[in-house]
Amino acid sequence: MSTTKKRNISVLGPTTFTGITVTEPAEYAAGLPAVKVALQHAFKEMGVVKSMHILSKMNQKEGFDCPGCAWPDPEKPSKLGEYCENGAKAIAEEATNKRVGSSFFDKYSVEELSNWSDYQIGKSGRLTEPMILKPGSVHYEPISWQKAYEVIAEELHKLNSPDEGIFYTSGRSSNEAAFLYGLFVRAFGTNNMPDCSNMCHESSGVGLSETLGIGKGSVKLEDFDKAEIVLVIGQNPGTNHPRMLSALQKCKENGGKVISINPLKEAGLVRFKNPQEIKGILSSGATLTDIHLQVKINQDVPLLKLIIKKLAKRDQKTGKVFDHQFIKTYTQGYAELLADLEQYTEEELLSLCGVEEKRINDTVELLANNTKIIICWAMGLTQHKNGVDNIKECVNLLLLKGSLGKPGAGTCPVRGHSNVQGDRTVGIMHHVSPVLNTAIENTFGFTPPDKEGLDTVHAIEAMHQGKAKVFIALGGNFISAASDTEYTAQALQNCNLTVAISTKLNRSHLVTGQTAIILPTLGRSELDNKKGKPRYFTVENSMGKVHQSKGLLKPASDTLKSEPEIIGHIADTYFKGNHPVDFKNLSEDYELIRKKIKLVIKGFDDIENKSKGSGFYLPNNVRELDFSKLPNQKAQFSICKNPQHNISKNEFLLMTIRSHDQFNTTIYGLDDRYRGIYNERRVVLMNKEDMQKHNLEKLDIVNLTSYYDNNERLASSFLVVPYDIPRGNVASYFPETNVLVPYNHYADKSHTPISKSIVIKITKI
Ligand SMILES: Nc1nc2c(c(=O)[nH]1)N[C@H]1C(S)=C(S)[C@@H](COP(=O)(O)OP(=O)(O)OC[C@H]3O[C@@H](n4cnc5c(=O)[nH]c(N)nc54)[C@H](O)[C@@H]3O)O[C@H]1N2
Ligand SMILES: Nc1nc2c(c(=O)[nH]1)N[C@H]1C(S)=C(S)[C@@H](COP(=O)(O)OP(=O)(O)OC[C@H]3O[C@@H](n4cnc5c(=O)[nH]c(N)nc54)[C@H](O)[C@@H]3O)O[C@H]1N2
Ligand SMILES: [Mo]
């Protein structure tokens with residue numbers, strides 16, 4: 001029996017420092033510095049001419065959709081360009097002139113590359129040809145497309161059951177690619193389709209579905225023009241959704257107010273200089289946040305309860321604070337909600353959330369007197385044990401105020417990846433949907449599996465236990481994005497085969513199964529020609545609008561294939577052409593895929609025409625105030641418990657957040673400009689008084705450890721940075737701190753890892 005030599009891979013990469021500078025946090029977001037930094041990144045990666053050409057086409061009606069976040073495009077794009085600093089960085093990263101081909105892999109072994117930082121790995125450039133890492137080998141070598149498909153098909157055939165395969169999706173794939181992938185995985189025979197959403201907005205999906213009957217938000221972009229109040233909770237739009245600041249600015253210009261709820265006073269929420277307007281660049285900018293509630297990490301439920309309690313008290317007197325007509329007509333559970341609030345005192349809620357009472361009273365005053373309220377949120381609410389309840393408590397507030405299904409009001413979960421919502425709509429999910437399965441069966445003539453599949457955390461566990469042996473990823477960087485890095489590495493390394501369909505090199509190409517394959521694919525900025533004719537695909541933005549996206553750049557290499565081509569060919573090779581679904585034809589012909597999407601997924605009729613220009617909205621029952629699918633055909637109030645944390649005196653609650661210079665695991669640069677941290681990522685942001693109490697000084701070097709279920713996890717070498725953050729709370733960047741997140745601790749019901757509330761100890765070294 002032959003045993004293959006184990007590769008000596010550094011799972012975590014280097015823990016060395018890069019040369020920190022700390023300044024005061026920025027006083028405003030965007031403005032000229034944003035334009036300057038955007039262009040610097042673009043010019044460095046793409047050169048001047050290509051940069052100017054491509055940036056002018058981003059998010060325009062005939063151009064391509066930004067590969068960054070999922071914030072929608074306005075009807076009238078700005079003449080100065082409809083992109084933001086971080087969109088420019090995203091495109092620079094994809095359209096870089098640097099290349100990773102076979103000579104690169106000849107030169108560097110995977111062992112050597114694994115000692116590079118994620119930043120260095122990502123900056124290597126675009127992948128240009130299919131590569132294979134054979135068992136025992138430490139160098140990738142070229143492989144033909146056909147041979148690669150055959151190796152994959154062979155490994156899939158070897159599995160004892162289709163449930164030994166895991167098919168991950170990140171959120172950048174088009175609707176067409178995702179639909180075809182979902183079809184293949186179901187035809188293969190499993191629902192093991194974990195996706196990045198499991199680590200992201202899954203708590204929103206669950207919370208919203210259970211209360212309002214749809215896992216998506218209800219607002220449209222124009223609602224921001226009409227809103228009287230926008231609450232931004234657990235979200236950092238200045239960095240992660242910069243174009244949202246223009247929407248907030250418009251809301252303010254029309255007399256609206258912005259309230260932010262966040263342990264940090266994020267620069268983007270304080271003041272904004274709109275780089276898409278000359279006056280924005282030249283003036284001192286617009287104040288965005290009217291009231292900032294500096295909540296303690298994961299104490300949003302107590303804070304919202306306190307706000308609701310105070311509103312209820314006022315309503316008892318006047319009967320005019322809540323929308324009683326709305327509550328009576330559309331909701332269920334109002335009396336129970338009010339009765340439940342009785343068990344809490346205002347004092348205990350106030351002490352739990354840690355917010356100054358005057359600010360809460362000001363917030364209550366605003367909420368009492370207005371009805372057009374939008375609540376926006378992101379990872380600050382979803383990535384906690386009670387992530388689903390966080391969302392439900394927000395829905396409670398909106399239902400009480402009747403702030404749904406009318407202009408200027410509603411739910412706004414702000415999505416992450418640019419097509420994460422679309423991927424779900426067209427069938428990427430581990431849950432079984434009988435409606436979808438019936439539609440697939442009627443359209444394609446095969447019966448999809450009806451056994452629940454594995455989500456991200458359970459897929460990791462299955463691979464770790466040897467119950468799953470082939471891992472295929474449509475995009476993303478699983479090892480760095482997932483929790484518990486060392487455990488997840490072991491899980492991936494237990495696999496016989498790991499396959500990555502990717503644009504750029506990342507750590508997941510180095511922490512692999514015995515055999516690993518890289519299949520390089522087109523980015524969305526690139527021309528996707530078939531027989532000399534450019535093809536387009538469709539995406540869905542954060543507000544449920546579907547539109548076209550068409551690349552225009554010369555592809556990074558002639559060898560690249562589009563995602564649908566790769567998926568279709570894997571499927572065709574696996575089935576040897578012997579399946580009711582004509583994968584071969586579908587892989588070549590996106591029009592044909594769209595015809596099938598129309599038959600299977602509701603709301604896509606006439607997609608070819610309607611997706612032109614700014615696109616079309618998918619059906620949304622909340623906009624219509626149709627709650628017919630919910631118990632008693634009513635929207636549901638929920639009773640949420642306060643979160644429970646056992647934190648001893650020498651422990652802290654850690655939130656793992658994004659710097660201003662990264663897109664998830666893609667590290668654009670080493671600066672977090674708005675927070676005043678330059679040239680370093682290994683930092684931990686701490687309250688000054690906590691530092692004093694623990695005898696820590698600025699830039700002391702510390703280790704971070706978490707301790708769950710008798711397992712100690714260590715993230716070594718971080719620099720202490722004093723910061724305006726609540727006592728007992730600390731913040732640090734992901735993915736460096738993912739090693740601390742226990743894989744088996746996640747949100748109830750949604751299974752989203754607890755990446756924003758990890759109990760840790762901090763030790764000086
Ligand atoms: N440039 C850029 N754009 C991105 C991304 C990126 O990495 N870079 N990522 C994309 C993706 S996939 C996503 S999901 C989104 C992520 O967008 P965000 O959710 O904005 O990203 P995070 O950095 O995780 O920020 C979470 C915010 O929540 C706050 N927070 C943390 N814990 C709590 C809490 O308990 N309560 C409250 N109220 N606030 C809390 C943090 O202080 C921080 O401001 O952005 C998308 N857009
Ligand atoms: N501790 C902690 N962990 C987190 C989070 C957190 O806040 N804290 N956030 C979580 C969230 S919200 C998310 S969404 C996940 C992100 O998880 P992922 O989506 O898995 O990670 P990304 O870093 O976005 O993936 C980047 C890689 O995608 C590939 N790629 C880029 N564009 C394309 C494309 O067009 N096609 C294909 N095929 N590949 C492409 C490139 O190779 C790139 O290296 O991470 C989660 N992990
Ligand atoms: Mo995300």
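The model is predicted, so I kept to its limits: local features need pLDDT of at least 70, side-chain atom pairs count only at pLDDT 80 or more, and totals for chains, interfaces and linings use all residues. Residues are numbered from 1 along each chain as its sequence is written, chains are lettered from A and ligands numbered from 1 in written order, and side-chain values use heavy atoms, without hydrogens and water.

**Entry 1: α15 and α21**

I looked up the spans: α15 covers residues 300-318 and α21 covers residues 387-400. Helices here are DSSP runs (H or I, at least four residues), strands likewise (E, at least two), numbered from the N terminus. The two axes come within 9 Å and cross at roughly 15 degrees. That makes α15 roughly parallel to α21. Axes are lines fitted to C-alpha atoms, for helices over the stretch in contact, and angles run from 0 to 180 degrees between N-to-C directions. Angles under 35 degrees count as roughly parallel, over 145 as roughly antiparallel, 65 to 115 as roughly perpendicular and the rest as oblique.

Which residues of α15 and α21 meet? From α15 I noted D300, V301, L304, K305, I308 and L311; from α21, D389, N390, E393, C394, N396, L397 and L400. Contact means heavy atoms within 4.5 Å. By class, this contact has seven nonpolar, two polar and four charged residues. Ala, Val, Leu, Ile, Met, Phe, Trp, Tyr, Cys and Pro count as nonpolar, Asp, Glu, Lys and Arg as charged, and the others, Gly among them, as polar.

**Entry 2: α1 and α2**

Next I took α1 (residues 31-46) and α2 (residues 48-57). Their axes come within 7 Å and cross at roughly 120 degrees. That makes α1 oblique to α2. The crossing is right-handed. L39, A42, F43 and M46 of α1 meet V48, K50, S51, M52, I54 and L55 of α2. I logged eight nonpolar, one polar and one charged residues for this contact.

**Entry 3: ligand 1**

I found 32 residues around ligand 1, with E266, N298, D300, Q662 and N664 coming nearest. A residue counts as near if one of its heavy atoms lies within 4 Å. The E266 side chain has an N or O atom 2.6 Å from an oxygen of ligand 1. For N298, a backbone N or O atom lies 2.6 Å from a ligand oxygen. For G234, a backbone N or O atom lies at 3.3 Å.

**Entry 4: ligand 2**

Which residues come nearest to ligand 2? They are Y168, S170, A481, E563 and T665, out of 30 around it. A backbone N or O atom of A481 is 2.7 Å from a ligand nitrogen. A polar side-chain atom of T656 lies 2.9 Å from a nitrogen of ligand 2. For R172, a polar side-chain atom lies 3.0 Å from a ligand nitrogen.

**Entry 5: backbone**

I looked at the F734 to P735 peptide bond: it is cis, with omega near 10 degrees. P735 sits in the loop between β32 (729-733) and β33 (758-764). L625 is not a glycine, yet has a positive phi of about 55 degrees. I placed L625 in the loop between β23 (616-617) and β24 (635-636).

Technical notes: Polar contact = N/O pair within 3.5 Å; in protein donor to acceptor, adjacent residues only side chain to side chain. Left-handed = near helix turned anticlockwise from the far one by under 90°.
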